[in-house]
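User: I have just opened this one and have never looked at it before. Could you walk me through it while I ask as we go?

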Amino acid sequence: MHPLKRCRESLVISDSVVWAAQAPILGGTQGLLLRTDHSALAQAVRRQSLRRSVRGVPGTGQHPERCGCGSLRIRVEIAGEPKAGVYSECRKCGR
Ligand SMILES: [Zn+2]
């Protein structure tokens, strides 16, 4: 047994292709991209990654909010206390 480390991931699914990175893919500093062409995997990831709108935080298919600094805000889901919930935050200025 070893402790699990939290993994941030950004996904783009296009037809049967899944693109994944550990930073926002559309942010310009996504780093290494993983491309997988597999229809069943793409369908499963698409189903698993659908998100509802929560307290004004946009869900799947909705436009992201724009921060006062001009950057797009990123959806953040925190499962553990003390800050459990769904938020949107700006990675550029932290608001
Ligand atoms: Zn900002």
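User: How many bridges join S4 to S5?
Analyst: Five bridges join strand S4, residues 74–78, to strand S5, residues 85–89, and the two run antiparallel. Strands here are DSSP runs of E with at least two residues, helices are runs of H or I with at least four residues, and both are numbered from the N terminus; two strands pair if DSSP finds at least two bridges between them. This is a predicted model, in which local features need pLDDT of at least 70 and side-chain atom pairs count only at pLDDT 80 or more, while totals for chains, interfaces and linings use all residues. Residues are numbered from 1 along each chain as its sequence is written.

User: OK, stepping back, what is the order of elements overall?
Analyst: Reading from the N terminus, the elements run β-β-β-α-β-β, which comes to one helix and five strands for the protein.

User: And how is the protein divided into domains?
Analyst: There are domain 1, covering 1–49, and domain 2, covering 51–95, with bounds that come from an automatic or database domain assignment. The C-alpha centres of domain 1 and domain 2 lie 18 Å apart.

User: In what order do the three strands of the open sheet come?
Analyst: The order is S1-S2-S3, with antiparallel pairing. Strand S1 (10–14) and strand S3 (34–37) are the edge strands, each pairing on one side only. On average, neighbouring strands of this sheet are turned by 15 degrees against each other, direction ignored; axes are lines fitted to C-alpha atoms, for helices over the stretch in contact, and angles run from 0 to 180 degrees between N-to-C directions.

User: Which strands does the helix touch?
Analyst: Helix H1, residues 39–49, packs on the sheet and touches S1, S2 and S3, its direction making about 125 degrees with that of S1. Contact is used here for two residues whose C-beta atoms, placed from the backbone, lie within 7 Å.

User: Which residues are bridge partners between S1 and S2?
Analyst: S1 and strand S2, residues 17–21, pair in the antiparallel sense over five bridges; among the partners, Ser10 has Ala21 in S2, and Val12 has Trp19 in S2. The two strands form a hairpin with two residues between them, and Asp15 in the turn has a positive phi of about 55 degrees.

User: What about S2 and S3?
Analyst: Four bridges join S2 to S3, which run antiparallel, and the bridge partner of Trp19 in S3 is Arg35.

User: New topic: is His2 buried or exposed, and why?
Analyst: His2, which lies in the segment before S1, counts as exposed because it has 4 C-beta neighbours inside 10 Å. A residue is exposed if 12 or fewer other C-beta atoms, placed from the backbone, lie within 10 Å of its own, buried if 20 or more do, and partly exposed in between.

User: How much of the protein is buried?
Analyst: Buried residues make up 2% of the 95 residues.

User: Last one, what does the C-alpha trace span?
Analyst: Along its principal axes the trace spans about 40 × 40 × 25 Å. The C-alpha atoms of His2 and Gly70, which are 68 residues apart along the chain, are separated by 40 Å.
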